Amino acid sequence: MSAPKLTGLAHHYVSATIKGGGFVIDATMGRGHDTLFLARAVGARGQVIGFDIQSEAIAATRNRLADAALLPQVELLQRCHSEIAAVLAERELKGCDAAMFNLGYLPRGDHRVCTETKTTLLALQAAHRALSDGGILAVLCYPGHHRGNEEFEAVSAWMESTPGTERRFQNEDDENSPVLFLKR
């Protein structure tokens, strides 16, 4: 499956989990598509915390949310997703309905700046611990880019070794195609 189809599939599963007024995480904002989806899903009483290390991603996400009048329920943080645990502790937040990860690099951005295996694993652990009963992690990996296979292998191993129900979606004809992991 292509990345847009997998993103739509992730949105389908995540939307079935999110409660209006809930709290969710976008661990890798990118251009803000998942952040916008999450902001709509939680509604005006909900809260989205978004992470990205690149100012370009923050600006693109802020503009997308402002255009949709959804900026008030979203906190945009120019911080690494490995800081999820610290941010949640600072805000005394628990019971996350969903956490979304779209790994790799910023579309139409500098491809040398991409998610790192070490920080992604820290972020996954923190997000998984923060999930409410019935909460979901949605992780889209891209094995085809220059560091993507290493990150994919590590995420795959983490998913298999971490308690909970896991589902995996990928185009079986192409080992370099994106992979969507869902973990409850």
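Exposed is over 50% relative accessible area, buried is under 20%, and partly exposed lies in between (1.4 Å probe, protein chains only). The model is predicted: local features need pLDDT of at least 70, side-chain atom pairs count only at pLDDT 80 or more, and totals for chains, interfaces and linings use all residues. Residues are numbered from 1 along each chain as its sequence is written, and side-chain values use heavy atoms, with hydrogens and water left out.

**Stop 1: two loops with positive phi**

Stay on alanine 69. It sits in the loop between helix H3 (55-67) and E3. Helices (H or I, at least four residues) and strands (E, at least two) are DSSP runs, numbered from the N terminus. Check the backbone here: phi of alanine 69 is near 55°, a positive value in a residue other than glycine. Most residues other than glycine have a negative phi.

Now pick glutamate 92, in the loop between H4 and strand E4 (96-102). Its phi is also positive, about 55°, although glutamate 92 is not a glycine. The side is open to solvent by the same measure: glutamate 92 is exposed, with a relative accessible area of 71%.

**Stop 2: the sheet**

Show the strands. Seven of them form an open sheet in the order E3-E2-E1-E4-E5-E7-E6, with mixed pairing. Two strands pair if DSSP finds at least two bridges between them. Which strands stand at the edges? E3 and strand E6 (166-170) do; each has a single partner strand, so one side of each is left without a neighbour in the sheet. From one strand to the next, the twist averages 10°.

Zoom in on strand E1 (residues 23-26). Both of its faces are covered. Phe23 and Ile25 lie on one side, Val24 and Asp26 on the other, and all are buried.

E1 and E2 pair in the parallel sense over four bridges. Follow the pairing residue by residue: phenylalanine 23 stands opposite glutamine 47 in E2, and valine 24 has valine 48 as its bridge partner.

**Stop 3: histidine 81**

Select histidine 81, in the loop between strand E3 (74-77) and helix H4 (84-91). Is this residue buried or exposed? Histidine 81 is buried, with a relative accessible area of 4%. Display what surrounds the residue, leaving aside neighbours within four places in sequence. Histidine 81 is then in contact with Ala27, Thr28, Phe51, Phe101, Leu103, Thr115, Thr119, Thr120 and Ala123. Contact means heavy atoms within 4.5 Å. Keep Thr120 in mind; this contact of histidine 81 returns at the last stop, in H5.

**Stop 4**

Go to helix H2 (residues 33-42). H2 lies across E1, E2, E3 and E4, running at about 175° to E1. Axes are lines fitted to C-alpha atoms, for helices over the stretch in contact, and angles run from 0 to 180 degrees between N-to-C directions.

The axes of H2 and H3 come within 9 Å and cross at roughly 35°. His33, Thr35, Leu36 and Ala39 of H2 make the contact with Thr61, Arg64 and Leu65 of H3. By class, that contact has three nonpolar, three polar and one charged residues.

Turn to helix H1 (residues 3-15). The axes of H1 and H2 come within 11 Å and cross at roughly 25°. Thr7, His11, Val14 and Ser15 of H1 meet Asp34, Phe37 and Leu38 of H2.

**Stop 5: H5 against H6**

Finish with helix H5 (residues 117-130) and helix H6 (residues 148-161). They pack at an angle of about 30°, with their axes 10 Å apart. That makes H5 roughly parallel to H6. On the H5 side, select Thr117, Thr120, Leu121, Leu124, Gln125 and His128. On the H6 side, select Glu150, Glu151, Ala154, Val155 and Trp158. The residues of this contact divide into five nonpolar, four polar and two charged. Ala, Val, Leu, Ile, Met, Phe, Trp, Tyr, Cys and Pro count as nonpolar, Asp, Glu, Lys and Arg as charged, and the others, Gly among them, as polar.

Conventions: Parallel < 35°, antiparallel > 145°, perpendicular 65-115°, else oblique.
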